[in-house]
Structure formats: structure tokens, C-alpha cells
Amino acid sequence: MSDRFSAMLLRRADDALVLGHRLSEWTGHAPSLEEELALANLALDLIGQARALYTLAAGRGTGEDEDALAYLRGDREYTNLLLLELPNGDFAVTIARLFLYAAFIDPFWRGLSASRDPDLAAIAAKAEKESAYHLRHSAEWLIRLGDGTDESHRRAQAALDRLWPYTGEMFEPEDEVLVAADICPEPAGLREAWNRTVDSVLAEATLARPAEGWMQSGGRAGRHTEHLGHMLAVMQSVARGFPAAKW
Amino acid sequence: MTEARTPLWEVFIRSRNGLSHRHVGSVHAADATMALAAARDVYTRRGEGLSIWVVPSASITASDPADKAMLFEPTASKIYRHPTFYEVPDEVGHM
């Protein structure tokens with residue numbers, strides 16, 4: 001049970017850390033000062049969520065501390081969603097990715113805040129307040145990009161089309177033992193809520209929902225795109241170059 | 001980011017119940033909703049606020065700095081307008 005619990009925590013923590021790191025890559029490059037701070041805020045929310053989950057996992061049996069879990073595992077040991085490791089692309093891709101994920105993770109955290117595990121429930125309750133803002137921020141931007149200029153509409157639609165095949169992975173089954181024990185909600189149960197959120201925002205954004213088709217998979221099993229290894233090489237370079245350094 | 005597409009908004013934040021909103025700075029944003037979001041992200045990162053107002057900067061009518069002498073200098077000689085000019089009797093207590 002403790003192995004299953006830790007593995008689930010690492011999936012969720014890896015999601016938060018990988019997306020948090022991607023958003024942090026905008027620092028110094030964002031389209032405006034306001035959005036630069038906004039993206040950095042979102043990144044810090046996500047990295048904070050990852051830290052809480054890694055620390056809980058470390059306390060419940062992985063035996064490593066949060067730094068070791070974040071900085072000393074290779075890409076095959078990361079179990080994040082492929083969607084979150086893709087490069088930022090242009091601003092439309094960044095916003096569309098954030099929106100597609102936030103529309104899923106916000107109700108997921110809400111479900112998880114009713115977990116039988118009180119520590120996990122507390123982390124989820126805090127994370128839900130953050131993800132609710134991530135959803136609002138990304139939805140407001142997506143509406144303005146879709147319903148903005150010809151170029152912003154074209155880029156937003158292209159971003160959605162490109163990311164869509166990576167959305168199926170979010171709804172892959174969570175560990176059945178944990179779901180049966182009311183420790184964790186079943187992601188498939190959130191699909192309807194996700195569809196409602198996505199459809200209403202896309203309608204307002206005058207964007208077309210991409211056709212359902214083949215979905216990418218493999219992140220949960222450690223089979224990643226070529227992008228994660230490069231991202232981790234940058235993210236982990238200081239920790240690997242100076243083992244046991246304090247900062 | 002042109003001024004026409006993302007005009008300037010003045011940001012006011014109320015930090016606690018019972019206090020009034022205070023001007024803290026400005027943001028560029030396309031509309032009121034995005035201005036509120038930008039104000040939240042730029043000016044409330046360290047728990048500064050409970051409430052935010054944003055106002056289009058263009059809606060503010062400001063006094064002309066060139067009128068400074070006419071508008072403000074005449075008050076300098078009227079020190080009796082300060083409440084400290086009067087003796088407050090002890091019986092009044094805390095004011």
C-alpha cells in the first residue's frame with residue numbers, strides 16, 4: 001500500500017514540477033512585465049505543490065528527500081504527463097496547455113481534498129485554491145487569444161490542435177487500490193466536468209474543439225518524449241554538478 | 001504591446017478591513033478583467049491585499065502641476081486650519 005501511495009504522489013508531484021519548470025522558463029521572455037510575474041507566480045504555485053507532495057512521499061516510504069526526488073531521478077523515473085513536458089512553444093501553446101491541464105487538475109484537487117489520507121487532503125485543499133486561479137487566468141487569456149486578432153486566433157487554434165492528442169493521458173486510470181480506499185479520485189470520473197469547462201471556454205473563444213482521435217500515452221510508465229531529458233538536464237545541472245550543496 | 005491595445009490602469013489595494021483602498025501603482029491590460037488579474041499578480045504577491053480596484057488611467061482627471069502656486073500655496077499661511085492650533089480641553093478625552 002505504501003508503495004502504491006508513493007507512486008501516486010510522485011505522478012502528481014512530477015506533473016506539478018515539470019509544468020512549474022516549463023512556466024519558469026518564461027522568466028525574462030514573457031510578452032509583458034505583468035504576464036511575466038503572472039507566469040512566475042503560477043510556476044511557484046506548482047513547484048510548491050510538488051515540494052509538498054515529494055516531502056509527503058519521502059515521509060511515507062520512498063526513503064529519499066524532496067531534493068533527491070526532484071534532482072536525482074532520470075527521465076525514465078519521472079511519471080509526469082507528456083502534455084506537461086512539451087516545450088513552451090509560443091504564448092498560445094503555453095496558455096492552451098495550462099488551460100487544458102488546469103481544467104482537469106482543479107476538479108481533481110477538489111476530489112482529492114476529500115481523501116481519506118488527511119495529509120494528502122490538506123495538500124490538495126491548498127493546491128485547489130491555486131489551480132482555480134490557474135484555470136481562470138488561462139481561460140481568460142485563451143478567450144482573448146481566440147477571439148482576438150486573426151493571428152492570435154490562428155495561433156490559439158494551432159496550439160489546441162497540437163496539444164489535443166496529449167489530453168487523453170490525464171484520464172488514464174489511477175491506482176485501483178487507492179481509488180477503492182477513497183484515498184484518490186478516479187480521473188475518468190472528471191471527464192464530464194472537464195468537457196463542460198473546455199467546451200464553454202472554447203465557444204467563448206470562438207475556437208473549434210479538435211476532433212477526437214488517437215491519444216498519446218506513456219508518461220505514467222516513464223516513456224517520455226525527447227523533450228523531458230533535455231529539460232531535466234537543465235533543471236538538475238546544479239544539483240548534479242554540486243552534490244549535497246546547500247542553498 | 002501598443003498603448004491602444006493595452007491601455008494603462010491605476011491599481012488600488014485595500015490591505016485590511018476598515019482601511020481604505022490605496023493607490024499602489026499601475027498595469028497595462030487589454031480590459032478590466034485582465035487588469036484585475038494583472039494587478040493581483042503584480043501587487044499582491046506578498047499577501048498585501050484583501051480587495052483590488054482598477055481604474056482606467058484615462059478616467060482620472062488630474063490637477064495641472066503648473067497650477068501648483070494658485071491651488072496649494074495660499075493654504076500655507078493659514079495654520080489655524082490645522083486642528084493642532086486649538087487647545088483641546090482635558091475633559092474631551094481621547095479624540
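Modeller: The model is predicted, which applies to everything below. Lys246(A) sits in the segment after helix H11 (237-241) of chain A. Take Val179(A) as a reference point. It is 67 residues away from Lys246(A) in sequence, and their C-alpha atoms are 38 Å apart.

Now the opposite case. Ala159(A) belongs to helix H7 (residues 150-163) of chain A. Ala159(A) has 25 C-beta neighbours inside 10 Å, so it counts as buried; the threshold is 20 or more. Which residues does Ala159(A) touch, leaving aside those up to four places away in sequence? They are Gly89(A), Ala92(A), Val93(A) and Ala96(A). Take the pair Ala159(A) and Ala96(A). In sequence they are 63 residues apart, yet C-alpha to C-alpha the gap is 6.4 Å.

Ala96(A) leads on to the core. The largest nonpolar core has 79 residues, and Ala96(A) is among those with the most contacts inside it, alongside Leu53(A) and Leu142(A). Helix H5 (residues 91-112) of chain A supplies the largest share, 15 residues. In soluble globular proteins, nonpolar side chains tend to be buried together. Leu53(A) reaches several parts of the sequence. Not counting residues up to four places away, it touches Leu9(A), Arg12(A), Ala13(A), Ala16(A) and Ile123(A).

There is also a second, separate core of five residues, including Leu228(A), Met231(A), Leu232(A) and Met235(A). These four are buried residues of helix H10 (residues 226-235) of chain A. Look down the axis of H10(A): the buried residues fall within an arc of 100°, so they line one face of the helix. The other side of H10(A) carries the exposed Glu226(A), Ala233(A) and Val234(A). What covers the buried residues? Helix H1 (2-24) and helix H4 (82-85) of chain A are among the elements that do.

Step back to the whole of chain A. It has 11 helices and zero strands. Of its 247 residues, 45% count as buried. Take contacts between residues at least 6 apart in sequence: 74% of those in chain A join residues at least 24 apart. The radius of gyration of chain A is 18 Å, which agrees with the value near 18 Å for a compact globule of 247 residues. Along the principal axes, the C-alpha atoms fill a box of roughly 55 × 45 × 30 Å.

Chain B is built from two helices and three strands. Its elements run β-β-α-β-α from the N terminus on. The globule rule gives 12 Å for 95 residues, but the radius of gyration of chain B is 20 Å, well over that, so chain B is more spread out than a compact globule. Its C-alpha box is roughly 55 × 35 × 20 Å along the principal axes. Of the 95 residues in chain B, 17% count as buried. Among its contacts between residues at least 6 apart in sequence, 47% join residues at least 24 apart.

The two chains meet. Nine residues of chain A and 12 residues of chain B take part in the contact. On the chain A side, the elements giving two or more residues are helix H2 (33-62) and helix H6 (118-146) of chain A. H2(A) gives the most, four residues. By type, that side of chain A divides into three nonpolar, three polar and three charged residues.

Last, confidence. The predictor assigns the complex an ipTM of 0.83 and a pTM of 0.91. Chain B has a mean pLDDT of 89, with 96% of its residues at 70 or more. Where in chain B is confidence lowest, and where highest? The lowest mean is 91, in helix H2 (residues 68-72) of chain B. The highest is 97, in strand E3 (residues 51-56) of chain B. Where pLDDT is low, the predicted coordinates should not be read in detail.

Terms used: Residues are numbered from 1 along each chain as its sequence is written. Chains are lettered from A and ligands numbered from 1 in the order in which they are written. This is a predicted model: local features need pLDDT of at least 70, side-chain atom pairs count only at pLDDT 80 or more; totals for chains, interfaces and linings use all residues. Two residues are in contact if their C-beta atoms, placed from the backbone, lie within 7 Å. Ala, Val, Leu, Ile, Met, Phe, Trp, Tyr, Cys and Pro count as nonpolar, Asp, Glu, Lys and Arg as charged, and the others, Gly among them, as polar. A residue is buried if 20 or more other C-beta atoms lie within 10 Å of its own, exposed if 12 or fewer, and partly exposed in between; C-beta atoms are placed from the backbone. The arc is that of the directions from the helix axis to the C-beta atoms. The radius of gyration is taken over C-alpha atoms; the globule rule is 2.2 Å times the number of residues to the power 0.38. pLDDT is the predictor's confidence in each residue, from 0 to 100. A nonpolar core is a set of buried Ala, Val, Leu, Ile, Met, Phe, Trp, Tyr and Cys residues joined through C-beta atoms within 7 Å.
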